[in-house]
Amino acid sequence: MIKEQHASKEKKQMKQRESPTGLTDSIFDWDGLLHRLMGDEDLAIEIIDDFLKQMPDKLFAVKKALDNEDLPLVQREAHIIKGASGNVGALTMQEIAEQIEIAGKEKDLVRAGSFVAELDRQLEILKVKLSQPMG
């Protein structure tokens, strides 16, 4: 009985996450994150908070590497951002970080720089999206 009530509560909470606030889309995949964490919403929130705290430093590292024209470091930092974004469900950020990584491999600092500016913008969009009420 208690298990059934708990399962029902989890389903209701997950439904709220899928509500018109639209937290699962190309910017952020709440459902995917919850799935990877076996429905643990508290852990998901903790991971999102950590991600949002760490991303400004990671973006700074990529910008500094670009300023220093250090292509291997640009690639490495972009790869880290790509992985972290994918793990947390920040899909647009993941795609942009991949483009930075590719531009770094192709030794195209200008293109990498334009993608870094877009990555910065997407982080702000993600922060706004995640600050909205979830149902």
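Read along the sequence, the pattern here is α-α-α-α-α-α. That comes to six helices and zero strands in the chain. Keep in mind that this is a predicted model.

Some totals before the residues. The chain has 135 residues, and 35% of them are buried. The accessible surface is about 8100 Å². Carbon and sulfur atoms hold 55% of that surface. On contacts, take the ones in the chain with a separation of 6 or more: 60% of these join residues 24 or more positions apart.

I27 sits in the loop between helix 1, residues 2-17, and helix 2, residues 30-36. What does I27 touch, leaving out residues up to four places away in sequence? The list is G89, A90, L91, T92, I125, L126 and K129. There is also a C-alpha distance to quote: I27 and L123 are 96 residues apart along the chain, and their C-alpha atoms are separated by 9.5 Å.

Next, helix 6, which covers residues 109-131 and contains Q122. Is Q122 buried or exposed? Its relative accessible area is 8%, so Q122 is buried. Beyond four places in sequence, Q122 touches T92, M93 and I96. T92 has come up already, as one of the residues that I27 touches.

Third, a glutamate. E77 is in helix 4, residues 71-88. The relative accessible area of E77 is 10%, and the cut-off for buried is under 20%, so E77 counts as buried. With residues up to four places away left out again, the contacts of E77 are K58, A61 and V62.

Which residues form the negative surface patch? They are D40, D42, E46, D49 and D50. Why does D50 count as partly exposed? Because its relative accessibility is 35%, and that class runs between the 20% limit for buried and the 50% limit for exposed.

D50 belongs to the negative patch. For E77, what I have to show is the contact list with K58, A61 and V62.

How values were computed. Residues are numbered from 1 along each chain as its sequence is written. This is a predicted model: local features need pLDDT of at least 70, side-chain atom pairs count only at pLDDT 80 or more; totals for chains, interfaces and linings use all residues. Side-chain values use heavy atoms; hydrogens and water are left out. Patches are made of residues with over 30% relative accessible area and no salt bridge: like charges are joined within 9 Å, nonpolar side chains (Val, Leu, Ile, Met, Phe, Trp, Tyr) within 5 Å. Accessible areas come from the Shrake-Rupley method with a 1.4 Å probe; for residues, only the protein chains shown count as cover. A salt bridge is a side-chain nitrogen of Lys or Arg within 4 Å of a carboxyl oxygen of Asp or Glu. Lys and Arg count as positive and Asp and Glu as negative; His and the chain ends are not counted. The place of a charge is taken as NZ of Lys, CZ of Arg, CG of Asp or CD of Glu. Buried means under 20% relative accessible area, exposed over 50%, partly exposed in between (1.4 Å probe, protein chains only). Helices (H or I, at least four residues) and strands (E, at least two) are DSSP runs, numbered from the N terminus. Contact means heavy atoms within 4.5 Å.
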